[in-house]
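Dear colleague,

Please find the structure below for your own work.

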Amino acid sequence: NYYVDSLQNTDASFKLTYGNAFALYALSQYARVNKNPDVLEWVRKSFNWLEEAVHDSVNRGYFSIELTSLSSSDVNVPAGWENPLGKDQNTGIHLMEALTAAYLILPDENVKNRLTEMLELVRDSMTTANGYLNLFFDEKWKPFSLKDSSRNYIIKNPWMDHISFGHNIETAYLLVDASKALYGSPDSLTLTVAKRLIDHTIRNGFDSGYYGLLDKGYEFEPGQPEVIDSIKVWWAQAEAWHALALFAELYPDEKGYSHAFSKMWTYINNEVIDREYGGWYNSGLDSDPRTVNDRKVHAWKSCYHDGRALMQVVTYAGKK
């Protein structure tokens, strides 16, 4: 959304890779329930567009935007979402998600290769050894960092470089899901990295008593993350809740996952679900009471995260 906001005053009619990843994901899921060959053909067309328009055949992965849809002035912009030549975490994890869904209904070798590629990039290039994801990268996968900036500057300008607790715990689930699609069950290396992501989030990202997942952190000192934004955004609560359920199933002897999962449901019930009108607030009422007056649906909020979380938890429960 920061990328789109930065270009809203230009004349470019651009095509975001992020949006097209969700198109591939939606078409792939639809193809699971609608066996019409035309639907599968749209999955193939969507994959082929990504392959032809935004895949980086030199350094792997995908650019943020189709370069031919931009003017020369749009291309010469700073790093981050505003840099079409760069790569970013949010686009990357959702490409991996989309390719996972596509591979399940279109098990072509090309789709398998791209899913493998994105799994490896998210796991090995985007994720740090400390257990969190970097946000932005240049085209050769060098991460962007504000570590040479002052503490005050970082806190006031977190968008380019911070620890996103919600994306970290969401990625733990997406990595497991991608590996399972490729190999039948998650491979050991992917499981190790995914567990590192969720354990880092458990140690550093939750409010006391697991009463909600906080938004942003930063390592001002190596290995010592600090919370810099304590709002509790709805989508992060949903992703944390169902990821904890998954890891409780994967590691039944580690009771911390099931305990955190139970506490998170208490939080969601108390602070996020609107008991009068239905749906989920944009953020927990304890962290942002004014959200009670916000729209339930807008360009960056639908029932995707919460809906998926509810369906996934029912699926996990059905196995017991």
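Which elements do the buried residues of α9 pack against? They pack against α6 (109-126), β3, α8 (165-183), β5, α10 (234-250) and α11 (255-272), where contact means heavy atoms within 4.5 Å. Helices (H or I, at least four residues) and strands (E, at least two) are DSSP runs, numbered from the N terminus.

This is a predicted model, in which local features need pLDDT of at least 70 and side-chain atom pairs count only at pLDDT 80 or more, while totals for chains, interfaces and linings use all residues. Residues are numbered from 1 along each chain as its sequence is written, and side-chain values use heavy atoms, with hydrogens and water left out.

Among the buried residues of α9 are Leu-191, Val-193, Leu-197, Asp-199 and His-200 (buried: under 20% relative accessible area, 1.4 Å probe, protein chains only). At the start of α9, a side-chain oxygen of Asp-187 comes within 3.3 Å of the backbone nitrogen of Leu-189.

The sheet is open and has three strands in the order β3-β4-β5, paired antiparallel (two strands pair if DSSP finds at least two bridges between them). β3 (163-164) and β5 (224-229) are at the edges with a single partner strand each, so one side of each lacks a neighbour in the sheet. Two bridges link β3 to β4 (residues 216-221), and Ile-163 is opposite Gly-217 in β4. β4 and β5 are joined by five bridges, with Tyr-218 partnered by Glu-226 of β5. These two strands form a hairpin with two residues between them, and Gly-223 in the turn has a positive phi of about 75°.

With kind regards

Technical notes. Buried < 20%, exposed > 50% of the residue type's maximum accessible area, 1.4 Å probe, protein only. Polar contact = N/O pair within 3.5 Å; in protein donor to acceptor, adjacent residues only side chain to side chain.
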